[in-house]
Amino acid sequence: MIASSTLSKLKSIVGQDNFFDSPEYKLVYSYDGTPLLSQLPVAIVRPQLKEQISSIVQLANNERFAIVPRGSGSGLSGGSIPTEDSIVLLTNHWNKILEVDQRNLAAWVEPGVITAQLQAEVESLGLFYPPDPGSAAISTLGGNVAENAGGLRGLKYGVTKNYILGMEVVLPNGDVVLLGGKSVKDVAGYNLKDFLIGSEGTLGIYTKILLKLIPKPEDSSTMLVFFDRLTDAAESVSDIIASRITPAVLEFLDNTTIRCVEDYAHLKLPTAIEALLLIEVDGHPLVIKEDVDKIAVLCKKHHALEIKIAHDTEEAAKLRSARKVAFSALARVRPTTILEDVTVPRSEIVSMLDKIQFIAKKHSLQFGNFGHAGDGNLHPTCLTDERDISEIHQAEKAFDEIFTEAVLLGGAITGEHGVGLAKRQFLEKLTPSPAIEMMRQIKKVLDPNAVLNPGKIFSLKPHCEGPMPKNPEQIKKYLDAGAFT
Amino acid sequence: MMMAEGKKSGFRGINIPSDELLNNCIHCGLCLPTCPTYSLTGLEKSSPRGRIRIIKGVAEGTLSISREFVYEMNFCLDCQACETSCPAGIKYGSLVEAARAQIYQEKYEGRLAHYSKKILLGWLFESHGRLKRAARILRLIQTSYIQSLIGIGKEFRVFPRKISNSNSLAPKISKSYSSDTLHESITPNIHSRYKVILLTGCVMDVAFADINEDTVQLLLHHGCEVIVPREQQCCGSLQAHNGDIASARRLAQHNTELFSRYDFDYIVMNSAGCGAYMKEYGEIFRDDTRFAEKANSISKRVRDLTEFLNDTGFHPALNRNENPFFGKKVTYHDACHLVHAQHISEQPRKLIKSIAGIEYIELRESTWCCGSAGIYNITHYNDSMQILRRKIDNIKQAGPDIVITGNPGCLIQILHGLNQEKMHIELLHTATFLRRACGV
């Protein structure tokens, strides 16, 4: 319950036009990109100034309600799904690129800037912002920083955290602070800026972000390689890396995914093969040529069935489309698509895929696998239907086993989507308890009243954030089937 | 349907938004950046994903059909750009159209809006004869001094804003209509390869008779025998998009019966919205066992002009010296109901590029709606003008001599934008461009 007097105060902070609590508004801010989870917020606010955000956070501390920050709501771990007694705080309208500093290769942006828009803007200036999450067309940079988003270029260029120089942030007590800056080196005290990256909205609300940019690679070359056997593809990946070549993109699709892609997009892919690799190298044209030749030789050594090399940008786009439409192709097969993002050390990819296949069979589930072969980040994707209670229950069990296997192989339960709500039970189960305890203590010290996105990443004890947010009609049936316990 | 306990769906009767589609939305959000209304407000409820969720809310009985619901359904342009971007392949347009049908059927809108629609779409557009008579009156106004009076009136704000706005956006009525001037059967001088029916359309007929003429000439040049059925009516799309499903079905049935009497290979369209809708005839009558097959046989033979010409190997017989567009910079705006509803984007480009001597430049955001959207630019003038501004800015940036597009609504809207900005850029329908370029 949030008292109506509290809501009036909120309204006076942001103004009538930026406060919403009609049933329609509450419904459309009850979900994000995460399957199965949703909960209505009490209200939605759209602050215009950082001072307003600060006042809202102070009010939350005084009157005890929770704040759930939200960008575009495209997250896949439930990071922006409301918890009990919470308000949603919108940041997607803070969408200005404030400065592109070409001398220091840095850009100040507001948190609501769309990733792809920033990329287009800096690329027009010959600069490059490499993090490239699959949802770049809609994801906000604020969300990317909060989730420490990854993407296709992780192997060579790293992930979001490698491109954050600083930020302005509203802390859980309402203080506004500037962390980091344009200087490359900074060891003045604890590295607070990095600490806030990937904090999933639980430790602060970004109001400005300072991004690091690099020069745009001169050129790139794209190739698509088909393999009869998965192990050959994996061996090729290992050999490419061992030969000191670091492709910008090194992606794979498994047989199920290839068949779905072919059904959907008719790209003339061979549907009997076990795997394909999409490889992209970038840099100086001469180096690229050398790398492409070497990669081709290595792939042939591992029995590549066919190697397609793009000769121009149009052809490159065509080759890339096999990977690009993978998600769409899988999403069309069944009504509900559960896309996860486990990581394992590169050398364990084949073992992990074998395990996933075994687990899928055991639970009679349909799984497509694709992902970032270069950095060991896999997307086991379960094709299911949320109306089929028993199948969803099986999927839950399967993911539990998949996460466990990933951790046993030395990997992580999430590589780029974050923990949020969707994976917190697994984090608690699979992370050493001193680590979880440390996280809880940090949260407790910085946010004693649990006002910022409580219950995300790990549950707070006692469960002050309320039960898991399921649709009321959903939760009963799932509980009856023994799920989510 | 998954229904909250004890809740009843807010939808009734036929034309209920499909449960299947509602449940297939995976709410990933990839539609958001393609939605013109979301880009205006930045609010989830004016995004396709948000609208699907509130339609689902009504279907599940957790929401009622409120004023806000009606507003959002009508705020949507139905441009279907979201469908192109949707990974799950949701037919969003049909969801919104079904929701609008519910709104119309249960009279959830204000009385004025409901009866204006009923008179305009259900009565006026339902009879092409009536429409033509009304068009004659409109032409009288447009060509007489009344026009300048309206202009003066606008300055002094004598008329309600909606009237003066609609005046400047109303299509300029042609002197004569193609349904009167074109013969019922026109045969080419060369060997006839195809027999095609031309839908002369409602707006096309009275306001763009010249484009219909261009279309006929192109078809003749391509070796087609052109049939122009006399009693054809509006295709029904305007009515369907605005919720008046009953009128839309009556028109669709009439045209299906009429066209079925002819022996022909294809029905050729030069209006994107009509093409998209006639391709749906089969789907509309899916449950009507008696009529489904007939409607389907019509739908299957509907082709956009550019689709037809390209797929049947159109070659511009071209005398280089006679090409009036030689050396011109040409760009193309994708009409929503061509690119998003019918997935036609390559064909018109190929045809345009086949004209030797022109410089083709790609228009940035060419698939972004221009804001015309049927009668949207009249019902939502201000929003429509903001959307138009984006299109005009992109045209400015491209700096072409000629802009080509394949839909009457877009022609009216973009011309309005170009005139407001006093930009001297030629705006042509694809048919007109091709005819003149080929010198036929």
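Two residues are in contact if their C-beta atoms, placed from the backbone, lie within 7 Å. The structure is a predicted model, in which local features need pLDDT of at least 70, side-chain atom pairs count only at pLDDT 80 or more, and totals for chains, interfaces and linings use all residues. Residues are numbered from 1 along each chain as its sequence is written, and chains are lettered from A and ligands numbered from 1 in the order in which they are written.

**Exercise 1. Find which residues touch the most other members of the largest nonpolar core, and list the contacts of A:L211.**

Solution. A nonpolar core is a set of buried Ala, Val, Leu, Ile, Met, Phe, Trp, Tyr and Cys residues joined through C-beta atoms within 7 Å. A residue is buried if 20 or more other C-beta atoms lie within 10 Å of its own, exposed if 12 or fewer, and partly exposed in between. The largest core has 251 residues, and A:L211, A:L276 and B:I267 touch the most other members. Helix α6 of chain B (residues 92-105) gives the most to this core, with 8 residues. Leaving aside residues up to four places away in sequence, A:L211 touches A:A106, A:A107, A:V109, A:Y129, A:Y163, A:I164 and A:L165.

**Exercise 2. Describe the hairpin of β8(A) and β9(A).**

Solution. Strands (E, at least two residues) and helices (H or I, at least four) are DSSP runs, numbered from the N terminus. Two strands pair if DSSP finds at least two bridges between them. Here 5 bridges join β8 (residues 164-170) to β9 (residues 176-180) of chain A, and the strands run antiparallel. A:V169 has A:V177 in β9(A) as its bridge partner. Between the strands lie 5 residues, and A:G174 in this hairpin has a positive phi near 100 degrees.

**Exercise 3. Work out how α8(A) and α10(A) cross.**

Solution. Axes are lines fitted to C-alpha atoms, for helices over the stretch in contact, and angles run from 0 to 180 degrees between N-to-C directions. The axes of α8 (residues 230-242) and α10 (residues 285-301) of chain A come within 9 Å and cross at roughly 145 degrees. A:S236, A:D239 and A:I240 in α8(A) meet A:I295, A:L298 and A:C299 in α10(A).

A crossing is left-handed if the near helix is turned anticlockwise from the far one by less than a right angle, and right-handed if clockwise. The crossing of α8(A) and α10(A) is right-handed.

**Exercise 4. Give the strand order of the open 4-stranded sheet in chain B.**

Solution. The order is β7-β6-β8-β9, with parallel pairing. β7 (359-360) and β9 (426-429) of chain B are the edge strands, each pairing on one side only. β6 (residues 329-332) pairs with β7(B) over 2 bridges. B:V330 has B:Y360 as its bridge partner in β7(B). Helix α25 (residues 430-438) of chain B packs on the sheet, touching β8 (402-405) and β9 of chain B, and its direction makes about 95 degrees with that of β9(B).
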